[in-house]
Amino acid sequence: MLNVVIALLLGAAFPVIVAFCSGKRTRLTRADIRPGRLVLLAASAAGEETIWRLGILTAFAATNTGLAIAIFLSVLGFIVLHALAFGWNVLPYIAVFTVVITPVFFALSWLGAIAFHIAHNVVVASTTNSSPPQRSASPASQVVW
């Protein structure tokens, strides 16, 4: 059970840390996360982790193809699915997410990966990222209007 708690904390922190590292601010929005939306976020995360981590990794690792091929296929499938659903501009973020959640699966179990993914989805759905305001290096009298 501790693995699930750790995964929830890591999953909630992940999008905030990525936003911070890319120079963006994360703010809570007034996102309306009703119970139906929360169920959808949780069910999609559970389904994706069941397919891409538990299913693909377990199935291919058990064959002669080996773990490296299993990880590659799992990562590739997950990335392509999200790029097709949300656009190719999400590719870098989804790639980093996938590289992080795959070891979470191995270290914290399938339920840990689901917990990480659910916490991630809830934070993403309830926050917005914005770039900090840019300051002009010129005095106000020299700013081009």
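## A pocket and a surface patch

Helix α4 gives the most to the lining of the largest pocket, with 8 residues. This is a predicted model, in which local features need pLDDT of at least 70, side-chain atom pairs count only at pLDDT 80 or more, and totals for chains, interfaces and linings use all residues. Residues are numbered from 1 along each chain as its sequence is written, and side-chain values use heavy atoms, with hydrogens and water left out.

**The chain**

- You will find 4 helices and 2 strands here (DSSP runs, H or I of at least four residues for helices and E of at least two for strands, numbered from the N terminus).
- Along the sequence they follow the pattern α-β-α-α-α-β.
- Of the 145 residues, 30% count as buried (under 20% relative accessible area with a 1.4 Å probe, protein chains only; exposed is over 50%, and partly exposed is in between).

**The largest pocket**

- The volume is about 640 Å³ (the space filled by probe spheres set on grid points, which are joined across faces, edges and corners).
- A pocket is an open set of points on a 1 Å grid over the protein atoms alone, where a 1.4 Å probe fits, with protein on both sides within 12 Å along at least five of seven lines; lining residues have an atom within 4 Å of a point.

**The surface patch**

- Leu 2, Val 5, Ile 6, Leu 9 and Leu 10 form a nonpolar patch with about 460 Å² of accessible area together (Shrake-Rupley method, 1.4 Å probe).
- Patch members have over 30% relative accessible area and no salt bridge, and nonpolar side chains are joined within 5 Å (a salt bridge is a side-chain nitrogen of Lys or Arg within 4 Å of a carboxyl oxygen of Asp or Glu).
- Leu 10 sits in helix α1 and is partly exposed, at 42%.

Terms used
Patches are made of residues with over 30% relative accessible area and no salt bridge: like charges are joined within 9 Å, nonpolar side chains (Val, Leu, Ile, Met, Phe, Trp, Tyr) within 5 Å.
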